[in-house]
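I opened a new model today and kept notes as I went. The entries follow in the order of the look-ups.

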Amino acid sequence: MREPLVVDWDGTVTEVDGLHLVLSEFGDLDVFEQAEERLGRSLTLHEVIGFEFETVRAPLADVVAWVRANVRVRAGFAATARRHRPLVVSSGFHELIDPVLERESLELEVRANRLDVRPDGWRAVFRNAEACPVCGEPCKRSDIAGIGAFVYVGDGFSDRCIAQAATRVFARDGLAEYLDERRVHHERYDDFYDVMRALDGAPVVPPGRRRGRKT
């Protein structure tokens, strides 16, 4: 029986972190940069997300329309989603994820946070406030309780703890660097075609290597 596939959303499914895109367009970049600098040092991930999104005051409908028009999914994700039916676990928000899945004509289970949209600043409503016994913060491990063995695909800070609970990990960007430093085995990927090839038994094409005829 094939192990279930679990994927991060922002920066993993999406080509660029959608939360960062929304904050760049509708939030306060100074607050964003200051909060990101303190992430993992003096602020938890929940605190960073909360501070950043309090600077967003636009109507949700306007932001959703912008997200649908501007947030792109990584190559191969639609095909992977239809073949493997991944569970999406995200530190982002249903209100910003679901419209993109709808645009892509995909119906997947998503475990994400919610937004309390207010004119004086959006509030993050987190799905889990209990500290993880492994990392000491609320994290995505709670989303996979009872799943058993699983394959994980991620890219960043919020994926560090859950990735180390997986039996097989595909990583890129900051997550790959973090796992490299700790000598945690993982497979690098460039897009979801790489992930799907590996899951189907073919070797992963190293990031940066172009497919097709050599010139």
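**Helix H2 and its ends.** I began just past H2, where Gly40 takes a positive phi of about 80°. Helices here are DSSP runs of H or I with at least four residues, strands are runs of E with at least two, and both are numbered from the N terminus. Then I went to the N-terminal end of H2 (residues 29-38), which Asp28 caps. A side-chain oxygen of Asp28 lies 2.9 Å from the backbone nitrogen of Asp30. I count a polar contact as a pair of N or O atoms within 3.5 Å; within protein, one must be able to donate a hydrogen and the other to accept it, and residues adjacent in sequence count only if both atoms are side-chain atoms.

**Ground rules.** The model is predicted, so I note that local features need pLDDT of at least 70, side-chain atom pairs count only at pLDDT 80 or more, and totals for chains, interfaces and linings use all residues. Residues are numbered from 1 along each chain as its sequence is written, and side-chain values use heavy atoms, with hydrogens and water left out.

**Overall dimensions.** I checked the radius of gyration, taken over C-alpha atoms, against the globule rule of 2.2 Å times the number of residues to the power 0.38. For 215 residues a compact globule would come near 17 Å, and the chain has 17 Å, which agrees. Along the principal axes, the C-alpha atoms fill a box of roughly 50 × 40 × 35 Å. I list 9 helices and 7 strands. Of the 215 residues, 47% count as buried. Buried means under 20% relative accessible area, exposed over 50%, and partly exposed in between, with a 1.4 Å probe and protein chains only.

**The sheet.** Next I traced the strand order. It is an open sheet of 7 strands, S4-S3-S2-S1-S5-S6-S7, with mixed pairing. Why do S4 (123-125) and S7 (187-188) count as edges? Each has a single partner strand, so one side of each is left without a neighbour in the sheet. My pairing test asks for at least two DSSP bridges between two strands. Strands of a sheet pair through backbone hydrogen bonds, either parallel or antiparallel.

I followed S5 (residues 151-154) through its partners. S1 (residues 5-7) pairs with S5 in the parallel sense over 3 bridges, and Leu5 has Val151 as its bridge partner. S6 (residues 168-171) and S7 are parallel over 2 bridges, with Phe170 partnered by Glu187.

Is S5 covered or open on its faces? Both faces are covered. Val151 and Val153 on one side are buried, as are Tyr152 and Gly154 on the other.

**Aromatic pairs.** I searched the whole structure and got 6 aromatic pairs. Rings of Phe, Tyr and Trp (its six-membered ring) pair if their centres lie within 6.5 Å; planes under 30 degrees apart are stacked, over 60 edge-to-face, the rest tilted. Phe53 and Phe93 have ring centres 5.1 Å apart and planes at 70°, so this pair is edge-to-face. The pair links distant parts of the chain: Phe53 sits in H3 (residues 45-53) and Phe93 in S2 (residues 87-93), 40 residues apart. Both Phe53 and Phe93 are buried.

The rings of Tyr189 and Phe192 are 6.2 Å apart between centres with planes at 55°, so that pair is tilted. Tyr189 and Phe192 are buried too. Arg172 lies over the face of Tyr189, 5.6 Å from the ring centre. The cut-off for a charge over a ring is NZ of Lys or CZ of Arg within 6 Å of the centre and within 35 degrees of the ring normal.

**Salt bridges.** How many salt bridges are there? I get 15, taking a side-chain nitrogen of Lys or Arg within 4 Å of a carboxyl oxygen of Asp or Glu. I looked at these:

- Glu104 and Arg103 come to 2.8 Å, N to O; Glu104 is partly exposed at 23%, and Arg103 at 21%.
- Arg118 and Asp116 come to 2.9 Å; Arg118 is partly exposed at 35%.
- Asp120 and Arg123 meet at 3.4 Å; Asp120 is partly exposed at 46%.

Last, I found Arg2, Arg83 and Asp200 linked in a network of salt bridges.
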